[in-house]
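Visitor: I would like to learn how to read a protein model, feature by feature. Could you guide me through one slowly?

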Amino acid sequence: MSLRVRLTLLYTSLVGGILLLFGIVIYQLVSINLIDQIDELLARTASSLVEGMRLNTVGELDMELAPDLELATNVYVQLWERSAGLSFASAGISHLDEPLAPLDRLPAEPVYRTTTVGETNLRVLSVPLSLGNRPIGTLQVGASLAIVEATQKTLLTVLVTGTLVSMGLAALAVSLTTYQALASLERATNVALQITRADDLSRRIPYQGPAEDEIGQLIQAFNQTLSRLENLFNTQRRFVADVGHELRTPLTVIKGNINLLRRMGCADEESLGSIESEVDRLTRMIGDVLLLARVESGKLPIDNQLVEMDTLVLEVLGQTRVLAQDRVQMRLGDIDQVLVCGDRDQLKQVILNLVENAIKYTPVGGEVVVDLGKMDDQARITVSDTGPGIPPEDLPHIFERFYRAEKSRTRTTDGKGFGLGLSIAYWIIRQHGGRIDVDSSKDQGATFCVWLPLAEGEGDCQPEA
Ligand code: ADP
């Protein structure tokens, strides 16, 4: 059974059930009320009749109707005497020689009963009459229940019709609303199936309804998942293509050298050196790829400790001076005493990557400056250079893996750059709760800025869970 049918049935029976219960209560209350009114009329009539009764000279009851008491057309009276039997019957039942309600087993108090005379249902009040302690007869006052029955019948018709009409309307309303809501879901399911079949993650599910309702939110969430999946697949595809591309060059060089060695029939030192350097390059690249995979997935453990960033920066500068030689001037700008929590080796790797890049991309005679300071509750390490800068079209991509600006691809034929250094740096800093910014424009040099949360002391550094 479809969800739509189930919901329609559920809500329709709920509405029906509530109205049925409501109807039963109303029906009962109205019936009790009408009978109460009739009982009151009977009691009033009986008491007026009893007041007007006299005993005649032969000891029989004489009943006079009080002048102000005019019997309603549907009210009947009988007076039964112990000795003489039926001694009075009102107009309309003078032909009746039976009591309106059975006279036997009557209690000593007035009693109401519902009886049937002929085809008419009557409400009858029997009032026992006595002289001293001696019972002398019974006065019976009855009223037809025709009005009550007619009212009950009308009420029943109204209630049943009302309930059925309400159930029908509820069914229609639920069916229409669920149809509208489920039609969007059905459309979403169809598009989702088409996406799966066509393997096309670039498609999105359209939704015309309000974005903030439940279905709108569901479709939005689904579309977001699709975007993320598309991104992941694209990254994955690019990654495989990039790795393949990066592997091809060194492998071609190695193969070429092996062929050369084979042709020459002896080990040529130059070819062997070339093979060795390509193997080293491959090893470095695979190391970087593995490191990136671990740090990206958060699987690279962080040995959390208090790190004196000023000492670390000085260490990096000392190490990289060799690389800069006289080509590029290395300068330490402002330096403050700064403490952060993190893995010392990983943080050093980040600063090293940035400084090495700055040296690598800055032409002879340029300058690389490293600053260290604090801003609010953040440590700020900047590495600026006077190199060619990064073109605006490359800026959004430089933290992507294997991304190298077009110029760098041709420039680093020394085979050092894989386009992984900044990705690794980005992920390490991210895992440390910080961020990296870059500010650069073409021919204006580049400034990389690392932000890390400041630490006060050893107590701030919680070991990794
Ligand atoms: P690579 O190994 O190619 O240096 P990175 O991930 O470290 O890889 O850098 C990605 C790209 O960002 C580089 O190829 C280069 O185009 C650009 N880049 C990084 N640092 C600088 C810099 N200081 N100046 C100019 N371009 C830079």
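Guide: We shall take a sheet, then the cores, and then the aromatic rings.

Guide: Please keep in mind that this is a predicted model, in which local features need pLDDT of at least 70 and side-chain atom pairs count only at pLDDT 80 or more, while totals for chains, interfaces and linings use all residues. Residues are numbered from 1 along each chain as its sequence is written, and side-chain values use heavy atoms, with hydrogens and water left out.

Visitor: What is the order of the strands in the open sheet of five strands?

Guide: In general, strands of a sheet pair through backbone hydrogen bonds, either parallel or antiparallel. Strands here are DSSP runs (E, at least two residues), as helices are (H or I, at least four), numbered from the N terminus, and two strands pair if DSSP finds at least two bridges between them. In this model the order is β4-β3-β7-β6-β5, with antiparallel pairing. The edge strands, each pairing on one side only, are β4 (85–89) and β5 (111–117).

Visitor: How many bridges join β6 to β7, and how many join β3 to β7?

Guide: Between β6 and β7, which run antiparallel, there are 10 bridges, one of the pairs being Val-127 with Leu-139. Strand β3 (residues 75–81) is joined to β7 (residues 134–144) by seven bridges; here Val-75 stands opposite Ala-143, and Glu-81 has Gly-137 as its bridge partner. The strands β6 and β7 also form a hairpin with two residues between them, and Gly-132 in the turn has a positive phi of about 60 degrees.

Visitor: Is β7 largely enclosed or open?

Guide: A residue is called buried under 20% relative accessible area, exposed over 50%, and partly exposed in between (1.4 Å probe, protein chains only). Nine of the 11 residues of β7 are buried, so this strand is largely enclosed by the rest of the structure.

Visitor: Which residues touch the most other members of the largest nonpolar core?

Guide: A nonpolar core is a set of buried Ala, Val, Leu, Ile, Met, Phe, Trp, Tyr and Cys residues joined through side-chain atoms within 4.5 Å. The largest one here has 49 residues, of which Met-309, Ile-381, Phe-448 and Leu-452 touch the most other members. Helix α6 gives the most to this core, with eight residues. If we leave out residues up to four places away in sequence, Met-309 touches Val-338, Val-340, Leu-347, Ile-351, Leu-372, Ile-381 and Leu-452, where contact means heavy atoms within 4.5 Å.

Visitor: How many aromatic pairs does the structure hold, and how is such a pair described?

Guide: A pair of aromatic rings is described by the distance of the centres and the angle of the planes. Rings of Phe, Tyr and Trp (its six-membered ring) pair if their centres lie within 6.5 Å, and planes under 30 degrees apart count as stacked, over 60 as edge-to-face and the rest as tilted. The structure holds four such pairs. In one of them, Phe-239 and Phe-402 have ring centres 5.8 Å apart and planes at 45 degrees, so the pair is tilted. This pair links distant parts of the chain, since Phe-239 lies in helix α3 and Phe-402 in the loop between β12 and α7 (406–411), 163 residues apart. Phe-402 is buried, with a relative accessible area of 2%, and Phe-239 is buried as well, at 19%.

Visitor: Which residues do ring pairs link into a cluster?

Guide: They are Phe-399, Tyr-426, Trp-427 and Phe-448.
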